[in-house]
Amino acid sequence: MYAQLIKADTTPSENTARAEDFQRRIDAGEKIEPKDWMPEGYRRTLIRQIGQHAHSEIVGQLPEGNWISRAPTLERKTILLAKVQDEAGHGLYLYCAAETLGISRDEMTEMLLDERMKYSSIFNYPTLTWADMGAVGWLVDGAAIMNQVPLQRTSYGPYARAMIRICKEESFHQRQGFDIMNRLANGTEAQKTMAQNALDRFWYPSLMMFGPSDSDSVHSEQNMAWKIKMNGNDELRQKFVDLTVPQAEYLGLKVPDDTLCWNEDKGGYDFAGPDWGEFFDVIKGNGPCNRERLEARRKAWDEGAWVRDGLLAHAEKKARRAAQEAA
């Protein structure tokens, strides 16, 4: 999931009996649908989470779109173009899911542009070389899949259903990234160095994608009770490391963590956590590409106003004509 630091809205329920029945439905594994009654806190928390997820998919096109024309072969160009198109589709699915909760896409976009709503910190890091396209696919999409697969079981029906298709497409994105890294790692010394440098740059930002440690995530308990969130941050980060380290070894690359070692007792790796000071600095807007990313989105929004106006005018004209014909 491209959503971090989503705090549960713990506004007291206006109807205790309904809230208790609502929780019983969730505990029984039922899906909550748009027309069902839900606590206001549940609705607001979902809007924040789905909105941040949608924004992350859209902003996530920027570091990859920058490489479409510079990909090394025509095949690589078409694959990357298809991937960027997928990310646009993911954003649209998620905006549609959020709109079922009573917020418009325009409102969510305005919240992004005036920085009331965030997107994933990972997209505030630059992609300096072609190998970074491999690292983004392998590590970033890999971390996203680790987060997103459990969300197919999340309690809100429209969100859970959107995640089914998104996860299928993200799995292809991860394979595409791993294939790039594999080609480079088995290429010339310069190519292998490029792959190693990309791994060095994206390892810790990828670990940050799971959010702070559970001990510092004070609202996770409510989110998990509502089944908006299915697993703890530390659990998913551990799974990601355990899965990814053997892949790095297969590639002949070294994870940039001198403390990394296998712990037989827990059946997983011990590893160093990321620099959380850096994480919170990026979240606050001080990352390498924060301003660049938001400026790109503001520019696209402003320059696309005439398209939105035209579509609305056409829809209104169509509605008037239909009303006249029905009269």
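Let's start at W130: leaving aside its neighbours within four places in sequence, this tryptophan touches W67, A71, P72, R76, L80, I180, L184 and M194. The model is a predicted one, with a mean pLDDT of 93 for the chain.

**Nonpolar cores**

- W130 also belongs to the largest nonpolar core, which has 50 residues.
- Along with W130, the residues with the most contacts inside this core are L139, F202, W203 and F240.
- Two or more residues of this core come from each of these elements: α4 (74–99), α5 (105–113), α6 (130–148), α7 (157–185), α8 (189–208), α10 (233–251), α11 (276–286) and α12 (290–303).
- Helix α6 provides the largest share, with eleven residues.
- Another core, of 28 residues, lies apart from this one, and its members include Y42, M108, L151 and C167.

- W306, V307 and L311 together make a nonpolar surface patch of about 360 Å².
- L311 sits in helix α13, which covers residues 305–326.

**Positive phi angles**

- As background for these angles, most residues other than glycine have a negative phi.
- E115 has a positive phi, near 70°, although this residue is not a glycine.
- E115 is found in the loop between α5 and α6.
- The relative accessible area of E115 is 40%, so this residue is classed as partly exposed.
- K227 is another non-glycine residue with a positive phi, here near 60°.
- The loop between α9 and α10 holds K227.
- With a relative accessible area of 24%, K227 is partly exposed.

**Confidence along the chain**

- A pLDDT of 70 or more is reached by 95% of the residues in the chain.
- Where is confidence lowest, and where is it highest? The lowest is in helix α9 (residues 220–225), at a mean of 85, while the highest is in α8, at 98.

Terms used:
Residues are numbered from 1 along each chain as its sequence is written. This is a predicted model: local features need pLDDT of at least 70, side-chain atom pairs count only at pLDDT 80 or more; totals for chains, interfaces and linings use all residues. Side-chain values use heavy atoms; hydrogens and water are left out. Patches are made of residues with over 30% relative accessible area and no salt bridge: like charges are joined within 9 Å, nonpolar side chains (Val, Leu, Ile, Met, Phe, Trp, Tyr) within 5 Å. Accessible areas come from the Shrake-Rupley method with a 1.4 Å probe; for residues, only the protein chains shown count as cover. A salt bridge is a side-chain nitrogen of Lys or Arg within 4 Å of a carboxyl oxygen of Asp or Glu. Helices (H or I, at least four residues) and strands (E, at least two) are DSSP runs, numbered from the N terminus. A nonpolar core is a set of buried Ala, Val, Leu, Ile, Met, Phe, Trp, Tyr and Cys residues joined through side-chain atoms within 4.5 Å. Buried means under 20% relative accessible area, exposed over 50%, partly exposed in between (1.4 Å probe, protein chains only). Contact means heavy atoms within 4.5 Å. pLDDT is the predictor's confidence in each residue, from 0 to 100.
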